[in-house]
Amino acid sequence: MTTTILAFDTSTTFGAVCAVTPDRRAHTPRAGDLLQAVDELVDDPAEIERIVVGRGPGSFTSIRIGLAIARTLALTLDVHVAGASTLDGYAENVGTPLIDARRGEVFAPGPRVAKPEELRVAGQRLIGDGAIRYRTIFEAAGATIPPDDDPVHLPDPLLLVERAGAFGPAAAVEPLYVRDPDARPSA
């Protein structure tokens, strides 16, 4: 018997990617429309037995949207949740993932944050929204990048399932922030 797992990620500028095992997929261009994508994939929410959520790195707000939806669904459906790095949503044999970190930076495997010109990318195939955004810099440094509309630039939610941590209470899944958020409490 196969366990039905809902997996999704909202950390990149591409919006939300979503899948239900074994291989039903959906994509929505806005992270906030994730539940619409889930509705396309799941006839009966009671089918969902577990949830895997991408926990970043990525946009602070987008990460929070994904985690909030994972926690809400987990509590409503009484299922366990596991988290995975958004960078784990990319196949290693396809290319090196780079996520747009804004502020003239990218999130790279490690995970770490770096300016595009600081990365040694000669001879590498780069994928992800960070590779697209800084295509000119990376190609000048000797990297190759697939066309902007190539699906390799989207994280694969089924890879998140393969690489997820242990399942447990939704509140135990922590966001993966690589740098401090812009907003800070006032003193």
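Start by selecting His153, which sits in the loop between α4 (135–140) and α5 (157–163). Helices here are DSSP runs of H or I with at least four residues, strands are runs of E with at least two, and both are numbered from the N terminus. A word on what you see: this is a predicted model, in which local features need pLDDT of at least 70, side-chain atom pairs count only at pLDDT 80 or more, and totals for chains, interfaces and linings use all residues. Residues are numbered from 1 along each chain as its sequence is written, and side-chain values use heavy atoms, leaving out hydrogens and water.

Is His153 buried or exposed? His153 counts as buried because its relative accessibility is 1%; buried means under 20% relative accessible area, exposed over 50%, and partly exposed in between, with a 1.4 Å probe and protein chains only. Now show its contacts (heavy atoms within 4.5 Å). Not counting residues up to four places away in sequence, His153 touches several residues, among them Phe14, Tyr90, Leu126, Asp129 and Pro147.

Next, select Thr12, in the loop between β1 and β2. Thr12 is buried too, with a relative accessible area of 5%. Leaving aside neighbours within four places in sequence, Thr12 is in contact with Thr86, Tyr90, Ile99, Asp129 and Pro155.

Strand β8 (residues 105–108) runs antiparallel to β7, and three bridges join them. Colour the open sheet of three strands, whose order is β7-β8-β9 with antiparallel pairing; two strands pair if DSSP finds at least two bridges between them. At its edges lie β7 (99–102) and β9 (112–114), each pairing on one side only.

Move on to helix α1 (residues 34–41) and select its buried residues, Leu34, Ala37, Val38 and Leu41. They lie on the same side of α1, because they cover an arc of only 100° around the axis, taken from the directions from the helix axis to the C-beta atoms. Turn to the other side of α1 and you find Asp39 and Glu40, which are exposed. What covers the buried residues of α1 includes β1 (5–9), β2 (16–20), β3 (24–28) and α2 (60–77).

For the last stop, select Arg50 and Phe167. Arg50 lies over the face of Phe167, at 4.6 Å from the ring centre; a charge sits over a ring if NZ of Lys or CZ of Arg is within 6 Å of the ring centre and within 35 degrees of the ring normal.
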